[in-house]
Every structure is written in structure tokens, then in C-alpha cells.
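Biologist: I have a new structure open and I'd like to learn how to read it. Could you walk me through its features?

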Amino acid sequence: MRIHVVGIGAVGSFVAFHLRHSLHPKHSVVALHRSETAKLLPSDGLPLVIERDGAAISQDGVIHQAYGEPRNRFRRSDFPPTRINARDDRSARDAIGRIESLVVTTKAFAVRPVMRKLRNNLSRDSTVVLLHNGMGVYENLLADVYPDPNDRPNFIFCSNTHGLYSKGPLHSVHSAVGKIRFGIVPDSFGRDYEASYAPGREARLSLDDISTGTSEHPLSPRYLNLRNTVAALTHASGLHASWERFHDIHVAMRSKLVVNAFVNPVSALLQCANGQVLDTEYGRNTADSVCTEAEHIFRNQWTSEVRAQAAAHKPEGDDDEFEPTPFPRELHAKFMRREIERVVELTKNNYSSMYMDLMLRRPTEIDYINGYLVRMGHLHSFYPIMNASLMHLIKMRGAIPLVATP
């Protein structure tokens with residue numbers, strides 16, 4: 001097995017570190033870097049370093065390769081710049097060859113250009129793990145990179161609650177232990193990856209529903225790569241990764257989106273640590289509004305989904321009535337508000353990624369966090385004033401250089 005990881009920042013280094021640590025040496029873990037960044041690495045690469053509670057542990061054995069440049073303009077990263085307008089190098093992707101499994105840990109806005117660059121290295125037999133902040137990226141990929149479902153790789157969605165920040169090139173600090181929950185997007189060819197799941201205390205998903213090598217589930221590369229990827233993620237104990245139903249992961253992603261929709265822009269605008277965003281009545285009222293607007297949007301989405309499911313439902317008998325899934329309680333405003341409080345306390349000494357992006361004059365992920373909620377609201381003729389205001393303020397703040405003194 002050969003797993004590629006692209007986006008070697010704090011999260012990417014963390015994932016590559018634990019995959020390399022847990023996998024048998026016969027399997028490869030490849031870190032993909034922009035060409036200009038790859039030139040800064042020694043020929044034999046560098047170890048990945050994870051720091052936890054002041055203790056640093058290094059991990060050798062990760063292969064470092066270049067994949068070209070996702071865009072023809074300079075972007076800041078953990079590595080010092082060597083050239084302002086770096087040119088793309090297509091030969092770098094030829095050297096990568098076929099990608100069986102790709103873990104994407106870039107910023108949300110970078111996923112689409114990176115996937116475009118790696119398009120010819122991927123196939124319908126590949127598995128792509130999307131591990132980024134925000135929502136709406138997958139929909140962009142389908143529209144722009146994979147419009148044909150028959151040519152589409154398997155995709156895995158993730159919700160990550162680990163607290164991580166970068167201390168330097170290939171050096172991540174694990175500031176808060178969380179978990180990675182992931183689910184598989186339903187198969188374009190109809191295979192039911194959750195066939196064995198039955199609600200109850202012992203409800204579990206089975207790798208055999210992905211691929212077993214039987215006549216019912218033939219051992220094709222498409223499903224073998226997916227099975228191997230799921231196994232690799234769940235067996236890497238340091239990731240605290242769990243495979244769950246796709247429906248549950250979608251709920252978790254929405255819940256996390258709302259946490260980020262408050263904590264990230266507010267901490268970035270106020271230039272404060274996460275622990276200070278709820279210190280005032282104004283901050284608490286802002287959190288209330290973000291959650292209330294989000295619940296309204298999610299209820300509208302749920303209603304549309306239920307209507308579509310009911311229309312597609314084909315009754316098998318007179319007693320076979322359509323029973324919609326209840327609206328998830330995790331998406332009620334009061335539950336999302338409690339989750340904000342929990343995350344703020346857990347990461348009270350941390351600075352959000354959006355705070356750091358503004359400080360370093362980097363693009364932010366606001367279009368895929370509050371911007372996603374605004375777009376979804378518009379689809380249902382609802383205007384989320386608070387989320388739109390936070391989005392506009394972040395865009396304004398990003399357009400004006402930070403000045404330390406008058």
C-alpha cells in the first residue's frame with residue numbers, strides 16, 4: 001500500500017507521522033510538497049516531529065516528493081520563500097505515478113487547485129480523504145474536477161477535533177487531543193458500504209462490506225484501495241480515528257462548522273486566544289446568533305432532503321411507509337451553543353487558524369465556513385445576518401494590513 005498526504009502543515013504532518021508510525025515498513029507514506037518547498041528539503045528528507053506536553057518525538061521513513069505548484073503566485077507556508085512567482089513543474093507529477101490513496105489536508109480553498117493538478121494521478125480506483133475545515137469543497141470538486149460519477153474516486157469525509165498548530169517545517173504541536181471521525185461517501189456504482197450496520201448497542205460497520213474478494217464483493221482495485229485506506233486510518237492509534245455512518249459524519253461536520261463559524265472569525269477579528277471569545281456579553285450574544293441562524297439553515301436543508309427522499313421512496317407493500325430520519329438534536333441551537341463552550345474551554349490557550357492566517361497575511365477559509373452558511377441560507381430565501389457580517393468583516397480585515405501602532 002502507498003498513501004500520499006498533500007498539505008504538509010500541522011494537520012498533514014500529524015496524519016503522515018501516525019500513518020508512518022503504525023504501518024508496516026513494506027507500506028509507503030509519501031508527503032507531497034509544492035515544488036519550491038521540496039527544493040528546501042535535503043535529498044534524504046527530514047523526519048516529522050510531533051510535540052505533546054513539551055516532549056518532541058520524531059518519525060523517520062516518510063518519503064518526500066514534489067507535485068508542482070497549485071497556483072502561479074506566491075503563498076506563505078512554514079518554509080521560507082525561494083521565489084515569488086513559482087512556475088508549475090508538470091514533470092513532478094509524472095514522477096509521482098498512480099495514486100491509490102490520497103489524504104488532503106490543505107486549506108479548504110486550496111483543495112480544488114491541488115486536486116486539479118493531481119487529476120491525472122488519480123482514477124476511479126483511487127480513494128481521496130478530505131480532511132479540511134469548512135464545507136462546500138466536495139460540491140466544488142464534483143462540479144469542476146469530477147462531473148462524471150463513473151470517473152469519480154471514492155471520497156471519505158472527515159471531522160477532526162485534534163488541536164494542532166505548526167511550530168516550524170514538519171514540526172507540529174499537538175495542543176489538544178481529539179479524534180478524527182470519518183465516513184465514506186455513498187458509492188457511485190451502488191455498493192452499500194454500510195450494509196452490515198444495524199442500530200443498537202453493538203452497531204458496527206464492517207470492512208467486508210467494502211471488499212471481501214467474494215462473488216458478491218469482488219476484489220477490484222477500487223474497493224481494495226478503499227478498504228486499505230479505512231483500515232490504515234483506524235489502525236493508526238495516535239489519530240484516534242473511527243469509521244462511522246456517512247449520515248453521522250455529515251451531522252458532525254455541520255456541528256463543527258458552527259463552532260468554527262463563531263470561534264475563528266471572532267478570535268481573528270479581536271486578535272485574541274480562543275478562551276477569550278466568550279468573556280463578554282457581546283461575544284456570548286454573537287455565539288447565540290450564529291447558532292440560531294445555523295439551526296434555521298440546517299432545518300431547511302433537512303426538510304429539502306426529506307422531501308427528496310420521500311419522492312424517491314418506492315413502497316414495497318401497503319404497510320411500507322416512508323419514515324424520515326428525525327432532525328438531529330446535535331444541530332439544535334442549544335446543543336451547538338454548548339459545543340462552542342466546550343471547544344473554547346478545551347482550546348482556551350490556542351489561537352485559531354484564521355487568527356494566524358490574518359496575522360501572516362494569508363488567505364482565510366471564511367468562504368467555506370460562514371460563507372457556506374450564507375450560501376445555504378440563500379438557497380432557502382434566508383439571510384443569516386450575523387454569519388454574513390462576520391464573513392464581510394474578515395474579508396475587510398484581510399484587505400487592510402495590520403498596524404501595530406497608530
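This is a predicted model: local features need pLDDT of at least 70, side-chain atom pairs count only at pLDDT 80 or more; totals for chains, interfaces and linings use all residues.

Biologist: Fine. How many helices and strands are there in the chain?

Modeller: The chain has 12 helices and 12 strands. Of its 406 residues, 50% are buried. The accessible surface comes to about 19800 Å², and carbon and sulfur atoms hold 50% of that.

Biologist: On to the inside. Which residues touch the most other members of the largest nonpolar core?

Modeller: The general idea comes first: in soluble globular proteins, nonpolar side chains tend to be buried together. Here the largest nonpolar core has 70 residues, and Met-115 and Phe-298 touch the most other members. Helix α7 (residues 246-270) gives this core its largest share, 12 residues.

Biologist: What does Met-115 touch, leaving out residues up to four places away in sequence?

Modeller: Its partners include Leu-102, Val-104, Leu-122 and Val-128. Leu-141, Val-145, Tyr-146 and Phe-155 are also among them. There is a second, separate core too, with 38 residues, including Val-129, Leu-226, Ala-236 and Trp-243.

Biologist: Let me try a helix. Why is α1 said to be largely enclosed by the rest of the structure?

Modeller: Count its buried residues: 10 of the 13 residues of α1 are buried, so the helix is largely enclosed. Among them are Phe-14, Val-15, Phe-17 and Leu-19, but also His-18 and Arg-20.

Biologist: And what span should helix α1 have?

Modeller: At 1.5 Å a residue, the 13 residues of α1 (residues 10-22) should span 18 Å. The C-alpha atoms at its ends are 19 Å apart, which agrees.

Biologist: Now charges. How many salt bridges does a search of the whole structure find?

Modeller: It finds 18. When you read one, check the distance, then where the two partners sit. In Glu-51 and Lys-167, the closest N and O atoms are 3.1 Å apart. This pair links distant parts of the chain, with Glu-51 in strand β3 and Lys-167 in strand β9, 116 residues apart.

Biologist: Is Glu-51 buried or exposed? And what about Lys-167?

Modeller: Glu-51 has a relative accessible area of 13% and is buried, because the cut-off for buried is under 20%. Lys-167 is at 52%, so it counts as exposed, the cut-off there being over 50%.

Biologist: Which pair should I look at next?

Modeller: Take Arg-119 and Asp-151, whose closest N and O atoms are 2.4 Å apart. Arg-119 is in the loop between α4 and β7 and Asp-151 in the loop between α5 and β8, so the pair ties together parts 32 residues apart in sequence. Asp-151 is partly exposed, at 30% relative accessibility.

Biologist: Where do the partners Asp-367 and Lys-395 lie?

Modeller: Their side chains meet in a salt bridge at 2.8 Å, N to O. Asp-367 lies in the loop between α10 and α11, and Lys-395 in helix α12, so this bridge ties together parts 28 residues apart in sequence. Asp-367 is partly exposed at 32%, and Lys-395 is partly exposed at 39%. Salt bridges can also share partners: Lys-107, Asp-357 and Arg-362 are joined into one network that way.

Biologist: Which residues form the nonpolar patch on the surface?

Modeller: Tyr-351, Met-356, Met-359, Leu-360 and Leu-402 form it, with about 420 Å² of accessible area together. Met-359 sits in helix α10 and is partly exposed, at 41% relative accessibility.

Terms used:
Residues are numbered from 1 along each chain as its sequence is written. Side-chain values use heavy atoms; hydrogens and water are left out. A salt bridge is a side-chain nitrogen of Lys or Arg within 4 Å of a carboxyl oxygen of Asp or Glu. Helices (H or I, at least four residues) and strands (E, at least two) are DSSP runs, numbered from the N terminus. Buried means under 20% relative accessible area, exposed over 50%, partly exposed in between (1.4 Å probe, protein chains only). Patches are made of residues with over 30% relative accessible area and no salt bridge: like charges are joined within 9 Å, nonpolar side chains (Val, Leu, Ile, Met, Phe, Trp, Tyr) within 5 Å. Accessible areas come from the Shrake-Rupley method with a 1.4 Å probe; for residues, only the protein chains shown count as cover. A nonpolar core is a set of buried Ala, Val, Leu, Ile, Met, Phe, Trp, Tyr and Cys residues joined through side-chain atoms within 4.5 Å. Contact means heavy atoms within 4.5 Å. The expected span of a helix is 1.5 Å times one less than its number of residues.
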